Each structure stands twice: as structure tokens, then as C-alpha cells.
Amino acid sequence: MTYIITNLCIGHLDQSCIAECPVNCITTDSNRAYINTEECVDCGACEPVCPVDAIYYEDDLPINLKNEIDININFFKE
């Protein structure tokens, strides 16, 4: 399991999560941030610094945000 950045991040590119990530697995596009699930070491450093609470441990994702897992994975496949 890993951490996932959800669509709650859209429009809020604070980037404090990027600064806290020890393995640099967080990337942004023009609207939001994404966590590379292949590189994430599950340290959780990004979660508490997110000002909009957009980061969840995969097992803790609310049901309405479960599709965000595939969105994060697919971002890095493209």
C-alpha cells in the first residue's frame, strides 16, 4: 500500500508535500500533485503537511475517492 494524492489537491499546488518527501516521488502537472506509487516508501511525511488534506494512505481513502488510486498510477504510465 502507499499514499495517494486525491483531486482535493486540484488548484492548491502548495508543494509542501514535495518538500517533505524524502524520496522525491511526488510530481505535479499544472493543476495538482501525484505520488508515484512505485517509488513511495510509505513514510507518511507528506500527509500532515498538506494544507487541504488531499493525501490519504491508500487503505484509508474514502469510498468516493477510490478512483484516485488509478489516476495516480496512470499519471506515471503516460
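How do the residues of the lining of the largest cavity divide into nonpolar, polar and charged? They divide into 11 nonpolar, four polar and one charged, where Ala, Val, Leu, Ile, Met, Phe, Trp, Tyr, Cys and Pro count as nonpolar, Asp, Glu, Lys and Arg as charged, and the others, Gly among them, as polar.

Before selecting anything, note that this is a predicted model, in which local features need pLDDT of at least 70 and side-chain atom pairs count only at pLDDT 80 or more, while totals for chains, interfaces and linings use all residues. Residues are numbered from 1 along each chain as its sequence is written, and side-chain values use heavy atoms, with hydrogens and water left out.

**Whole chain**

Show the cartoon: the protein has two helices and four strands, and from the N terminus on the order is β-α-β-β-β-α. Helices (H or I, at least four residues) and strands (E, at least two) are DSSP runs, numbered from the N terminus. The C-alpha trace spans about 25 × 25 × 25 Å along its principal axes. Buried residues make up 36% of the 78 residues, with buried meaning under 20% relative accessible area, exposed over 50% and partly exposed in between (1.4 Å probe, protein chains only). Of the contacts (heavy atoms within 4.5 Å) with a separation of 6 or more, 64% are between residues 24 or more positions apart.

**The cavities**

Searching the whole structure gives two cavities of 30 Å³ or more. On a 1 Å grid over the protein atoms alone, a cavity is a set of points where a 1.4 Å probe fits but cannot get out, and lining residues have an atom within 4 Å of a point. Grid points are joined across faces, edges and corners, and a volume is the space filled by probe spheres set on the points.

Select C9, H12, Q15, C17 and C50, which lie nearest the centre of the largest cavity among its 16 lining residues. This cavity has a volume of about 100 Å³, and helix α1 (residues 16-20) supplies the largest share of its lining, three residues.

**Individual residues**

Select Q15 again, now for its backbone: this residue sits in the loop between β1 (3-5) and α1, and has a positive phi of about 70° although it is not a glycine. Most residues other than glycine have a negative phi. Q15 is partly exposed, with a relative accessible area of 40%. D53, in the loop between β3 and β4, also has a positive phi, near 50°, and counts as exposed at 52% relative accessibility.

Go on to E39, which belongs to the loop between β3 (33-35) and β4 (55-57) and is partly exposed, its relative accessible area being 41%. Apart from residues up to four places away in sequence, E39 touches V23, N24 and C25; the C-alpha atoms of E39 and V23 are separated by 7.3 Å, although the two are 16 residues apart along the chain.

Where is I55 found? I55 is in strand β4, and counts as buried because its relative accessibility is 4%. Beyond its neighbours within four places in sequence, I55 is in contact with residues including Y3, C17, I35 and C50. Finish by drawing a distance from I55 to F76, whose C-alpha atoms are separated by 17 Å.

Terms used:
1 Å grid on protein atoms, 1.4 Å probe; cavity = no way out; pocket = protein on both sides within 12 Å on 5 of 7 lines; lining within 4 Å.
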